[in-house]
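I opened this model to find out how its chain is put together, and I kept notes as I went. The entries below follow the order in which I looked things up.

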Amino acid sequence: MLALADISQELLRRERSTDEAPRRLLYRDRVSFSFRDGESLRGGMARACELAGAPNSWTVLREVGLKHRNRVLVSEDPDIDIGALAEALGVTREEVAARQYPEKENGAREYFGMIVSAGSIESRARRYSPTFLRDRGYHLAAWELKFLPFCPVTWDMLLQHCDACRSQPPQAQGWVRTLTPVDRCDECGRRLADRSTSNVSEGLRPALEIISCLVRCTEKKRASVFDLLPSDLGRADPQALLDVILGLAKHMKPSPTEEDSDEFRHAGRYRQHGHQSKAISP
């Protein structure tokens, strides 16, 4: 079996060789790993490396086809050897493939069976929900959807910076720092679960529950959206529902009350940091 735990020292001190496949060094017993419910591939890879003592995901991903150390495109790169990566993690090929975002027509991406428009996937910044990290400690795939400014599980407004750092502007969380777990700040190492954020208000949650259902990671879980809709929409295609909601969001102007809310200001700050995909404003 591919072993993450035994490769860090060996692969850090030697260069790739055309005479030898370094990947064979991974075929040993390793720490047990399994994906968690709704976990992203980037997050799972980082968590597996932490469990195994590997310094960063590049240590392993360069052996399975990743081209650039500073872009952890394990979910997007079609040249990633899915079989080798699955073997490295000790999971099935299907589990890895399900967490990838294959490119579709016009730059769109497939997200767990749903199609999202070009630019909808956040691959650089590591967004997070403090409450979810505190309670469950892993990275949700839904946090990689730029149009979603809140966590669909905890209703936290998502963060991507650490307000405990002294650096200005605050340090944006990423995927390439050495020895940084997904629940710690890249810069200061403090627990991201301890950071402060606002929550989607109780009054707005019933309407936003629809989009929360549509971004779930299995067809069965997405089907729960029909419990929230009028019976006339019982035969609607979830993809069509998502397309309509995101299409409407592009043309919606917030009311004065919304503009004054903590949730709206938070979503606005997220867009100001260079995230151009139209976020659904709570």
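**Entry 1: the chain as a whole**

I began with contacts, meaning heavy atoms within 4.5 Å: among those in the protein chain between residues at least 6 apart in sequence, 61% join residues at least 24 apart. I note that this is a predicted model, in which local features need pLDDT of at least 70 and side-chain atom pairs count only at pLDDT 80 or more, while totals for chains, interfaces and linings use all residues. Residues are numbered from 1 along each chain as its sequence is written, and side-chain values use heavy atoms, with hydrogens and water left out.

For secondary structure I took the DSSP runs, numbered from the N terminus, with helices (H or I) of at least four residues and strands (E) of at least two. The protein chain has 11 helices and two strands, and from the N terminus on the order reads α-α-α-α-α-β-β-α-α-α-α-α-α. Of its 282 residues, 50% count as buried, where buried means under 20% relative accessible area, exposed over 50%, and partly exposed in between, with a 1.4 Å probe and protein chains only.

**Entry 2: salt bridges**

I searched for salt bridges, each a side-chain nitrogen of Lys or Arg within 4 Å of a carboxyl oxygen of Asp or Glu, and the structure holds 15 of them. One joins Lys221 to Asp37, with the closest N and O atoms 2.6 Å apart. Lys221 belongs to helix α8 (residues 219-222) and Asp37 to the loop between α1 (8-13) and α2 (41-52), so this pair ties together parts that are 184 residues apart in sequence. Both ends are partly exposed, Lys221 with a relative accessible area of 35% and Asp37 with 48%.

I then looked at Arg195 and Asp163, whose side chains meet in a salt bridge at 2.6 Å, N to O. The two residues are 32 apart and the pair links distant parts of the chain, although Arg195 and Asp163 each lie in the loop between α6 (130-135) and α7 (205-214). Arg195 counts as buried at 15% relative accessibility, whereas Asp163 counts as exposed at 52%.

Asp135 and Arg134 form a salt bridge at 3.0 Å, N to O, and both of these residues are exposed. I also recorded a network of salt bridges that links Arg42, Glu76 and Glu144.

**Entry 3: helix α4**

How many of the eight residues of helix α4 (residues 82-89) are buried? I found six, so far as the cut-off under 20% decides it, and they are Ile82, Ala84, Leu85, Ala86, Ala88 and Leu89. What covers these buried residues includes α2, α3 (58-61) and α5 (93-98).

At the start of α4, a side-chain oxygen of Asp81 comes to within 3.2 Å of the backbone nitrogen of Gly83. After the helix comes Gly90, with a positive phi near 75 degrees.

**Entry 4: positive phi elsewhere**

Most residues other than glycine have a negative phi, and I noted two residues against that background. Phe112, which is not a glycine, has a positive phi of about 50 degrees; Phe112 lies in the loop between β1 (109-111) and β2 (114-116) and is buried, with a relative accessible area of 12%. Trp155, also not a glycine, has a positive phi of about 70 degrees; Trp155 lies in the loop between α6 and α7 and counts as buried at 9% relative accessibility.

**Entry 5: around Ala108**

I placed Ala108 in the loop between α5 and β1, where it counts as buried at 9% relative accessibility. Leaving aside neighbours within four places in sequence, Ala108 is in contact with Pro102, Glu103, Ile115, Val116, Ser117 and Ala118. Ala108 and Ile121 are 13 residues apart in sequence, and their C-alpha atoms are 9.4 Å apart in space.

Notes: Polar contact = N/O pair within 3.5 Å; in protein donor to acceptor, adjacent residues only side chain to side chain.
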